[in-house]
Protein chains: 2
Amino acid sequence: MILDSLELLSYRNYSHILLRFNPHLNMLVGPNGAGKTNLLEAIYLLSTGELRRGKRDTDAIKWNESFTWIRGEVYYDDGRTSKLVTQIRIEGEKAFSINGKIVPLKRYLGAFYVVSIFDDDKEIITGGPDKRRDFLDDFVTNIDPEYHFILDRYRNVLIRRNRILRTKDIDRRLLDSLTELLIELGEKIMRGRYSAISIYNRYLEREGDRFGISVKIESSYLTGNIDESIKIYKERFNSSRTKEEALGLTIVGPHREDILIKVNGRDSRSFASNGEIQIILFLLKITQLEVIREIKGYKPVFIIDEFLNRLDSRNSRIIIDVIAEKSPQLFVSMISKREIGIQGTVFNIDGGEVINEETL
Amino acid sequence: MILDSLELLSYRNYSHILLRFNPHLNMLVGPNGAGKTNLLEAIYLLSTGELRRGKRDTDAIKWNESFTWIRGEVYYDDGRTSKLVTQIRIEGEKAFSINGKIVPLKRYLGAFYVVSIFDDDKEIITGGPDKRRDFLDDFVTNIDPEYHFILDRYRNVLIRRNRILRTKDIDRRLLDSLTELLIELGEKIMRGRYSAISIYNRYLEREGDRFGISVKIESSYLTGNIDESIKIYKERFNSSRTKEEALGLTIVGPHREDILIKVNGRDSRSFASNGEIQIILFLLKITQLEVIREIKGYKPVFIIDEFLNRLDSRNSRIIIDVIAEKSPQLFVSMISKREIGIQGTVFNIDGGEVINEETL
């Protein structure tokens, strides 16, 4: 899969721009605030139909404009091409089209796969357990879209159950039926996360060696055996009932699962160096790429926003090699041009415009 | 204020090391995982008596060792010197000494001031409102140590009040007296934060220009006038009572204050570029330095952990100039040596050892 061209109208700091990309490497170079990250985010938006976590759709629209569109042309390995458009209006409406035909988001999402590393992705490693739960859940959804709806239902049942637990006269029958439902959905989530963790750990074990580190994901809810873990989870649920009623809160379940990334046997939140954090993040993302490639049959495009500047030359070298092997096309932003051993195009950017292009 | 020497025993990846520092610039250079950040954190620990947020004291101790100490010799502008030691045992006990005499932490804290920028400090800008509340509160504590105890009492009263709100038969008299106390403490916190925001905004207005950006801190609880704001806060408190009892939660007060950093008039969480985030963070930290300098009469040492690599040459230049003007001594870590226009020493580090020193 290759992103051949990108056209932006009234997007972030870009009025209008049309870019034709290199099939291998595209290096976006420019000073602070030039719009490098914005361009990478446009590619992400073209792929997912939304801005990254924490931003509203309408943030994509240029200041004082009423709408934006992001257009891209994607080439597939089998020679087919697709023209994708995401359009966002200031009122918040979005529309997606493939080859000129309006399609629902669900249909749109399969057309263009991107694996990206932005700066704040580091929070998967350094942030609270919720960040890691979200990351695992996104991964499971990639494999099984149905999982998304299980998560949604779980959240709804959880809210209703907590509300019941807080009432002065608890409706026991309702509580029991919600509890049963919650346990059932919780079991599905645990099974999904268990497979995600297994896939990650297999990959991390194999690939960590390249960087001379050992990385492993552990969960407070998982013993070695998933069936055993689910048995324990159910027992814990039964024994917590009195405490739950006192607190008015559901205290057992995947919404409280603690997920730990260990580096060389120790908690990465306390012991991973800045460089190790980048490497772990890279390994997690490349696993995601491998799974998409296997399940969907496409090789996703890879995006890195100023990622390599925290890495020494040895680790940068390894990462570039891995990307060149696994992904057909790489987009990377940098403060200044740098030779990284892949043929490509440098886009010199400033003030929301491409000043010039050169071949690397 | 100058950190003249640092000695570490069984600290993180260092077995034993003794460093004599340059009075101007100290550049720590080495590959990923060499121990650059660990060294900078040791200086932070020497100053504050603790590791940074999110790390346990005992994380400072080298793997399989039972204790660590961090020793430093500080030179003051008036010619005095102090030998500082922080010692941490695996059981979690800590001891502090100045010139060989054991002192309580409270007394120790005034001896050595550091202003630091580590990677995760970015969360002050990109994280939730709690990060900005904590940052403001730390700043107020710098100015008025008493503020620390007000925050503590507020938290305790809040917990007790929420517990009462959750009971089935609410004790009205107790609730009323806790409410009164909470409002009183909340008012003090609001006044503290208001002065912090005023100081920041004055500085941000003056210094933002250098970088060509306009930065401003706003709070959901502050109108232009602090007395007016407090009146509104109290009124809001009274009108929320029914909702609070239904939710079993205190929903008004400084623990829910929403603090916003605006860049060029827009929310920095959504609109600041990576470079702008670094600049805003720098401006916030240099304000902290200015206030310490003014109130304590010392010029703090400045620490930056791989900060400049996200900045273009123009912005790096300005930041270096500002530091050179405001702080006598700079510590900075880098992947590879780089000329930054200040005379100093380069420490080449790898595997928890200084391989060699060179003059820059």
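Let me begin with one pair of residues: Asp119(A) forms a salt bridge with Lys122(B), and the closest N and O atoms of that pair lie 2.7 Å apart. Please keep in mind that this is a predicted model, and that the values I quote are computed from it.

If we ask which helices of chain B each supply at least two residues of the side that touches chain A, they are helix H9 (268–271) and helix H10 (274–296). H9(B) gives the most to that side, with 3 residues.

Turning to the extent of the interface, 32 residues of chain B are in contact with 32 residues of chain A, and the two chains bury about 2,800 Å² between them, 39% of it on carbon and sulfur atoms. Three residues, Asn32(B), Lys168(B) and Arg310(B), supply 21% of the area that chain B buries against chain A, which is more than any other three residues supply.

Finally, the symmetry. Chain B can be laid on chain A with an RMSD of 0.1 Å by a turn of 180° and a shift of 0.0 Å along the axis, and the two copies are thus related as by a two-fold rotation axis. Of the interface residues of chain B, 100% are also interface residues in chain A, so the copies meet through the same surface.

Note on methods
Residues numbered from 1 in each chain as written. Chains lettered and ligands numbered in written order. Predicted model: local features only at pLDDT ≥ 70, side-chain atom pairs only at ≥ 80, totals over all residues. Heavy atoms only, no water. Contact = heavy atoms within 4.5 Å. Buried area = accessible area lost by both parts, 1.4 Å probe. Salt bridge = Lys/Arg side-chain N within 4 Å of Asp/Glu carboxyl O. Helix = DSSP H or I, 4+ residues; strand = E, 2+ residues; numbered from the N terminus. Least-squares fit on C-alpha atoms with pLDDT ≥ 70 in both.
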